[in-house]
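Please have the model open as you read.

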Amino acid sequence: AVGCQQAPTASTTAANRHASSASSSQASTHTQAGSPVAYVAGSPLRWGDLHTPLAEAAGGEVFAEVVLHRRIVQTLEDRGMTVTQQDLFDERDHLLRSLDRDENNAFRLLEELKRQRGLGPKRFDMLLYRNAALRKLVRDQVQVSPAAVDQAYQLRYGPRYEARLIVAESFQQASHVVQRARNGEAFIDLAIRESIDESRAQGGMLPLISPADPTFPAAVRKVIVTLQPGDVSDPISLESGFAVLKLERKIDGINVPFDDVKEELTAQVQRQAERLQMQQLGTTMLKET
């Protein structure tokens, strides 16, 4: 949820100090004011007693949310734009679909998400508004290319490869590993003993690789499609070190016609691009405050 700031930043840290200081001064004046929230051992617990602890617990985060909310409202007014009730419904539906395709599971997961993040009705409504507004502000900046949709199709329905990896510091070391592996040494044992990659703890096993997945180095993706199960690759040059791959198996893609899912994938790519722009815009707004 873009409009809900999670990691503490310089803005939220400063805001936390501000909120705590403001609440402290108010608490000194209003500690005994207002109706009791509860009674503890017969003594009233009032809202004034809670101001400072609440500010210290989440004051900075809430302060940042409110500041961002006001910046967004002002930006919408400046551009003559409004967030409609339909925009809010769409944002909520999108959030539910992103949690689970099953409606009952989605509602259950949403309630758990709200509980974990301390989102009561007010903060959740503000979150939906911020996300809907940010999406509206960035929508015209997002262009979905055919290549991006094709990549999404390959990631979801294309073939995947299960492989193990060894990374060595030099070409010579990598070549020595290749020779030992091709001579019959267990690749798992070689990975545990020789690899400098963190995957050595799993015997070099990697997550399933799609040739369209940009999170894997292009050189690795280019080589892996040329291997047959059991093959050990020649050394592959990386930005830091040299990789050796062993292909364990190839998992065939799912036979789904592209035209049947093109519209859905286009919407998915659009949403992902919007989310990135929304995060950048929200961060910029907070920094400019």
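The model is predicted, so to speak of local features needs pLDDT of at least 70, side-chain atom pairs count only at pLDDT 80 or more, and totals for chains, interfaces and linings use all residues. Residues are numbered from 1 along each chain as its sequence is written, and side-chain values use heavy atoms, with hydrogens and water left out.

**Helix α7**

Helices (H or I, at least four residues) and strands (E, at least two) are DSSP runs, numbered from the N terminus. α7 covers residues 171-182. Its buried residues (under 20% relative accessible area, 1.4 Å probe, protein chains only) are Ala-174, Val-177, Val-178, Arg-180 and Ala-181. Viewed down the axis of α7, they fall within an arc of 165 degrees, so they line one face of the helix; the arc is taken from the directions from the helix axis to the C-beta atoms.

After α7 comes Gly-184, with a positive phi near 115 degrees.

**The largest pocket**

A pocket is an open set of points on a 1 Å grid over the protein atoms alone, where a 1.4 Å probe fits, with protein on both sides within 12 Å along at least five of seven lines; lining residues have an atom within 4 Å of a point. Of the 22 residues lining the largest pocket, His-94, Leu-95, Arg-97, Ser-98 and Arg-271 lie nearest its centre. Which helix gives the most to this lining? α10 does, with seven residues.

Terms used: The expected span of a helix is 1.5 Å times one less than its number of residues. Buried means under 20% relative accessible area, exposed over 50%, partly exposed in between (1.4 Å probe, protein chains only).
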